[in-house]
Amino acid sequence: MAQVFKQPTLSATRRAGKCVVDFDRKAKRELTERLSNTVGLDEHLIEELRDYCLHHREPAVQVAAVLGLEKTGSKRAVLALTERVLEDGDLWPTDRAMEALSTLAQSGGLFALTATFLTDSRSVHPKLTLLYDGAKRLHRQDVGQSLEAIYRHTGTKYDPRELVPGMLTSFEHIPLADISKGAVLAGLFRPLPVWAGNVPVPDEGKAERAITFSELRLPGLAEILGAQHNSGI
């Protein structure tokens, strides 16, 4: 007698689907908790966090990796966060990566934040605020006052083509090398995005000094920037 196999009912199919969804949610929750609570400076660990930060399809997982990188506090983490800021994709992980760079001011985060100033017109004012926050973490009141003056001046302008060239020039005069040299690196990117306006090309001597500073402060940053842009680096 032939065996008759019953087709699964709709409710059974839905139950099976729910089990899969619940499993996926549990797995993602466990993954995000593990990534965001990472402890240690092991290179393999930082590379794993970088991979999730840049390549995972879920923004929540990318953000968890950003949190893990921020907690390591290392220069290698700053480089990985810089790559995230330069990547196209969901704004949530990118914004969180910029915040992490501000937090890691001691490890060169403000240098990376300034050097990537021309990545997105929407991040101009947020980055200015994050630079100010980073200066406060460094207890550099003089730098904070300079940034506050720039913020007050730019508050009357809304077109980035008008305000960005002047902001980068002002950054070069700020008494913190991470910001002044970072502004020079930002100005080396060519072709410039249209929204950035007429940013002057830094002279050769100024560019060489900024690149030399970069190699000492954050080895590997110039290479990352050069790979993402047609630049003079």
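Valine 164 touches Leu118, Val124, Trp195, Ala196 and Val199, when residues up to four places away in sequence are not counted; contact here means heavy atoms within 4.5 Å. The model is a predicted one, in which local features need pLDDT of at least 70 and side-chain atom pairs count only at pLDDT 80 or more, while totals for chains, interfaces and linings use all residues. Residues are numbered from 1 along each chain as its sequence is written, and side-chain values use heavy atoms, with hydrogens and water left out.

Valine 164 lies in helix α9; helices (H or I, at least four residues) and strands (E, at least two) are DSSP runs, numbered from the N terminus. Is valine 164 buried or exposed? Valine 164 counts as buried because its relative accessibility is 0%; buried means under 20% relative accessible area, exposed over 50% and partly exposed in between, with a 1.4 Å probe and protein chains only.

Valine 164 also belongs to the largest nonpolar core, which has 63 residues. Such a core is a set of buried Ala, Val, Leu, Ile, Met, Phe, Trp, Tyr and Cys residues joined through side-chain atoms within 4.5 Å. The residues with the most contacts inside this core are Leu147, Val164, Leu168 and Phe171. Helix α4 (residues 75–86) supplies the largest share of the core, 7 residues.

Stepping back to the whole protein, there are 12 helices and 0 strands. Of the 233 residues, 45% are buried. Among contacts between residues at least 6 apart in sequence, 67% join residues at least 24 apart. The protein exposes about 12,600 Å², with carbon and sulfur atoms supplying 54% of it; accessible areas come from the Shrake-Rupley method with a 1.4 Å probe, and for residues only the protein chains shown count as cover.

The structure also holds 2 aromatic pairs. Rings of Phe, Tyr and Trp (its six-membered ring) pair if their centres lie within 6.5 Å; planes under 30 degrees apart count as stacked, over 60 as edge-to-face and the rest as tilted. Phenylalanine 111 and phenylalanine 213 form an edge-to-face pair, because their ring centres are 5.1 Å apart and their planes stand at 90°. Since phenylalanine 111 lies in helix α6 and phenylalanine 213 in helix α11 (residues 204–217), this pair ties together parts that are 102 residues apart in sequence. Phenylalanine 111 is buried, with a relative accessible area of 0%.

Phenylalanine 117 and phenylalanine 171 are likewise edge-to-face, because their ring centres lie 5.2 Å apart and their planes are at 90°. This pair links distant parts of the chain, 54 residues apart: phenylalanine 117 is in the loop between α6 and α7, and phenylalanine 171 is in helix α9 (residues 160–171). Both phenylalanine 117 and phenylalanine 171 are buried.

The loop between α6 (109–115) and α7 (124–137) also holds threonine 116. Threonine 116 counts as buried because its relative accessibility is 0%. Leaving aside neighbours within four places in sequence, threonine 116 is in contact with Thr82, Val85, Leu86, Lys127 and Leu225. Threonine 82 is 34 residues from threonine 116 in sequence, and 7.7 Å from it in space, C-alpha to C-alpha. A polar atom of the threonine 116 side chain lies 3.2 Å from the backbone oxygen of leucine 113.

Definitions and conventions:
A polar contact is a pair of N or O atoms within 3.5 Å; within protein, one must be able to donate a hydrogen and the other to accept it, and residues adjacent in sequence count only if both atoms are side-chain atoms.
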